[in-house]
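Welcome! Please open the viewer and follow along, one selection at a time.

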Amino acid sequence: MTSKKILFREATPADAVQLAGFAASMFNETFGHLYKAADLESHLKEKCSVESFVEAFVEGDLMILAYDGDELIGYCKIGDVGLPVPHPPGGAQEIHRIYIRRKYHGSGLGQEMLKRALATQRLKEASLVYLGVWEENDRAKQFYYKNGFMPVGRYLYNVGAQVDNEMILARVQGVH
């Protein structure tokens, strides 16, 4: 279970700079060793820049932040389906990312973040909730399976010039 000192709040556009730094740091810490420097830099510029977060807010994405005191320790990004899902049902949504600082892995923080995401009005009203996960991230896949997500497809994900095999998982809302 998470500590009582963990505070959660919804992000605002004023958080874009902090989110960009955190997202880049977490991606680099978790996956950076897998990529050439140029590919990693290209990906971080595209997906973890301040501009990408500003655009996410403009598009109406919802982000939940987790803090331990003043330290940002996790975030979840929710929005419209961006995965290459053929004909997603009306009302479907996507959890684009859940990033948690490594020192909080196994603490229950990821479970709490997912619980809070699924409890948002946006996801409670969704017919399906999709997410993508790297096919070799067994820890994440097991976490999502445990929480009612099932494999429904695969796709290729570019990190710079490198192409990774990803899985698409989905969860039917209202049956858990």
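A word before the first stop: two strands count as paired if DSSP finds at least two bridges between them. Keep in mind that this is a predicted model.

Stop 1: You are looking at an open sheet of seven strands in the order 1-2-3-4-5-7-6, with mixed pairing. Strand 1 (6–10) and strand 6 (150–159) are the edge strands, each pairing on one side only. From one strand to the next, the twist averages 25°.

Stop 2: Select strand 1 together with strand 2 (residues 62–68). Strands 1 and 2 pair in the antiparallel sense, over five bridges. Within this pairing, look for Phe8, which stands opposite Ala66 in strand 2.

**Stop 3**

**Stop 4: the aromatic rings.** The whole structure holds nine aromatic pairs. Select Phe22 and Tyr75: their ring centres are 6.0 Å apart and their planes stand at 75°, so this pair is edge-to-face. Because Phe22 sits in helix 1 (residues 16–31) and Tyr75 in strand 3, the pair ties together parts that are 53 residues apart in sequence. Are these two residues buried or exposed? Both Phe22 and Tyr75 are buried.

Tyr75 in strand 3 and Tyr99 in strand 4 are 24 residues apart, and both are buried.

Notes
Residues are numbered from 1 along each chain as its sequence is written. This is a predicted model: local features need pLDDT of at least 70, side-chain atom pairs count only at pLDDT 80 or more; totals for chains, interfaces and linings use all residues. Side-chain values use heavy atoms; hydrogens and water are left out. Helices (H or I, at least four residues) and strands (E, at least two) are DSSP runs, numbered from the N terminus. Axes are lines fitted to C-alpha atoms, for helices over the stretch in contact, and angles run from 0 to 180 degrees between N-to-C directions. Rings of Phe, Tyr and Trp (its six-membered ring) pair if their centres lie within 6.5 Å; planes under 30 degrees apart count as stacked, over 60 as edge-to-face and the rest as tilted. Buried means under 20% relative accessible area, exposed over 50%, partly exposed in between (1.4 Å probe, protein chains only).
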